[in-house]
Amino acid sequence: NTNVLRFRAIAYQQLQDHSAAIKDFNQLIKLRPKSAPFYVMRSKSYFAMGNKSLALQDASKAKEMGAVVEEEYWRSLQ
């Protein structure tokens, strides 16, 4: 169930368990590859773990898909 995975991934992010959150976001993206918000959320976990390269890659993909990426967050990735 994608709703359960999404809520669990967000809970992991709130608990600062970004590795677990990324695993759930990976599964969500496999199930719904055209859901841009999942890329934004995974990007934020990558960023929190210090991986700006993957964070930027996901944020860029999300923007290409039409998702809104907060300007302040976008600038922090540059």
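Residues are numbered from 1 along each chain as its sequence is written, and side-chain values use heavy atoms, with hydrogens and water left out. Because the model is predicted, local features need pLDDT of at least 70 and side-chain atom pairs count only at pLDDT 80 or more, whereas totals for chains, interfaces and linings use all residues.

Two packed helices are described by the angle between their axes and the distance between the axes. Helices are DSSP runs (H or I, at least four residues), numbered from the N terminus. Axes are lines fitted to C-alpha atoms over the stretch in contact, with angles running from 0 to 180 degrees between N-to-C directions. Helix α3 (residues 36-48) and helix α4 (residues 52-64) have axes that come within 8 Å and cross at roughly 165°. The pair is therefore roughly antiparallel (an angle over 145 degrees). The crossing of α3 past α4 is left-handed, that is, the near helix is turned anticlockwise from the far one by less than a right angle. On the α3 side, the contact (heavy atoms within 4.5 Å) is made by Ala36, Tyr39, Val40, Arg42, Ser43, Tyr46 and Phe47; α4 contributes Lys52, Leu54, Ala55, Asp58, Ala59, Lys61 and Ala62. These residues comprise nine nonpolar, one polar and four charged, where Ala, Val, Leu, Ile, Met, Phe, Trp, Tyr, Cys and Pro count as nonpolar, Asp, Glu, Lys and Arg as charged, and the others, Gly among them, as polar.

Helix α3 also packs with helix α1 (residues 2-14), the axes coming within 11 Å and crossing at roughly 25°. The two helices are therefore roughly parallel to each other (an angle under 35 degrees), and α1 passes α3 in a left-handed crossing. Arg6, Ile10 and Gln13 of α1 meet Phe38, Met41, Lys44 and Ser45 of α3. Three nonpolar, two polar and two charged residues make up this contact.

His18 belongs to helix α2 (residues 18-31). With a relative accessible area of 10%, His18 is buried (under 20% with a 1.4 Å probe, protein chains only). Apart from neighbours within four places in sequence, His18 is in contact with Tyr12, Gln13, Ser45, Ala48 and Met49.

Gly66 is located in the loop between α4 and α5 (71-77). Its relative accessibility of 59% classes Gly66 as exposed (over 50%). Gly66 and Ala36 are 30 residues apart in sequence, and their C-alpha atoms are 7.2 Å apart in space.

Methods: Parallel < 35°, antiparallel > 145°, perpendicular 65-115°, else oblique.
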